[in-house]
Amino acid sequence: EGERGNICCPKINLKTYNAKHKLRSVFGDYKLHLGVDGSVTTCNGCPVLKHSNLPLYLYRDRQGRWVAGPEIGAVRGSVRGDHSEDPELGMECPCQATMWQCYDRGWQDDNTVRVGKCQVFRQGY
């Protein structure tokens with residue numbers, strides 16, 4: 001655990017294979033979000049990741065889904081990930097989500113969304 005909390009991917013890439021996706025600004029690199037004291041920010045028992053360029057966060061909601069949005073812990077964001085086989089099964093890391101949805105007048109399944117693990121870290125991580 002340590003400074004990474006219980007997440008297996010301290011940096012991920014939330015991506016879509018749809019170049020004209022309506023929510024394309026939410027996609028990109030996310031890394032562990034550290035508070036002013038240097039500790040990892042958490043939400044519902046899991047570390048929060050922050051978008052590399054925008055004020056967007058990837059956090060676990062109360063139902064165990066991973067949500068991307070502008071406010072940590074908000075009920076609804078723009079994109080969310082879940083386990084397709086068992087939505088009640090909590091995920092410790094967004095890389096474990098097997099089904100993604102995007103919000104467009106309601107949650108819509110979106111099979112173009114994926115999470116990629118970032119293996120290489122740049123200086124300053």
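**Entry 1: cysteines**

I began with Cys-43, which counts as buried at 10% relative accessibility. Here buried means under 20% relative accessible area, exposed means over 50%, and partly exposed lies in between (1.4 Å probe, protein chains only). The model is predicted: local features need pLDDT of at least 70, side-chain atom pairs count only at pLDDT 80 or more, and totals for chains, interfaces and linings use all residues. Residues are numbered from 1 along each chain as its sequence is written, and side-chain values use heavy atoms, with hydrogens and water left out.

I took a disulfide as a pair of cysteine sulfur atoms within 2.5 Å. By this rule I count zero disulfides.

I then checked Cys-95, which is in no disulfide either; its nearest cysteine sulfur is that of Cys-8, 3.5 Å away. Cys-95 counts as partly exposed because its relative accessibility is 24%.

**Entry 2: the chain as a whole**

I counted zero helices and 11 strands in the protein chain. Both are DSSP runs numbered from the N terminus: helices are H or I with at least four residues, strands are E with at least two. Read along the sequence, the pattern is β-β-β-β-β-β-β-β-β-β-β.

The protein chain has 125 residues, and 43% of them count as buried. Its accessible surface comes to about 7200 Å², with 47% belonging to carbon and sulfur atoms. Accessible areas come from the Shrake-Rupley method with a 1.4 Å probe, and for residues only the protein chains shown count as cover.

I also looked up contacts, meaning heavy atoms within 4.5 Å. Of the contacts in the protein chain with a separation of 6 or more, 45% are between residues 24 or more positions apart.

**Entry 3: partners of E1**

Which strands pair with E1? E1 pairs with E2 in the antiparallel sense over four bridges. E1 also runs antiparallel to strand E11 (residues 113-117), joined by five bridges. Two strands pair if DSSP finds at least two bridges between them.

I noted one residue pair for each partner. Asn-13 has Asp-29 in E2 as its bridge partner, and Ile-12 has Lys-117 in E11.

**Entry 4: His-21**

I found His-21 in the loop between strand E1 (11-16) and strand E2 (28-32). Is His-21 buried or exposed? His-21 counts as buried because its relative accessibility is 6%.

The side chains of His-21 and Asp-110 are joined by a polar contact of 2.6 Å. A polar contact is a pair of N or O atoms within 3.5 Å; within protein, one must be able to donate a hydrogen and the other to accept it, and residues adjacent in sequence count only if both atoms are side-chain atoms. Leaving out residues up to four places away in sequence, His-21 touches Thr-16, Phe-27, Cys-102, Asp-110 and Thr-112.

**Entry 5: positive phi**

Most residues other than glycine have a negative phi. I looked up two with a positive value.

Asn-44 has a phi near 55 degrees and sits in the loop between strand E3 (42-43) and strand E4 (46-47). At 35% relative accessibility, Asn-44 is partly exposed.

Arg-105 also has a phi near 55 degrees. Its loop is the one between strand E9 (99-103) and strand E10 (107-109). With a relative accessible area of 74%, Arg-105 is exposed.
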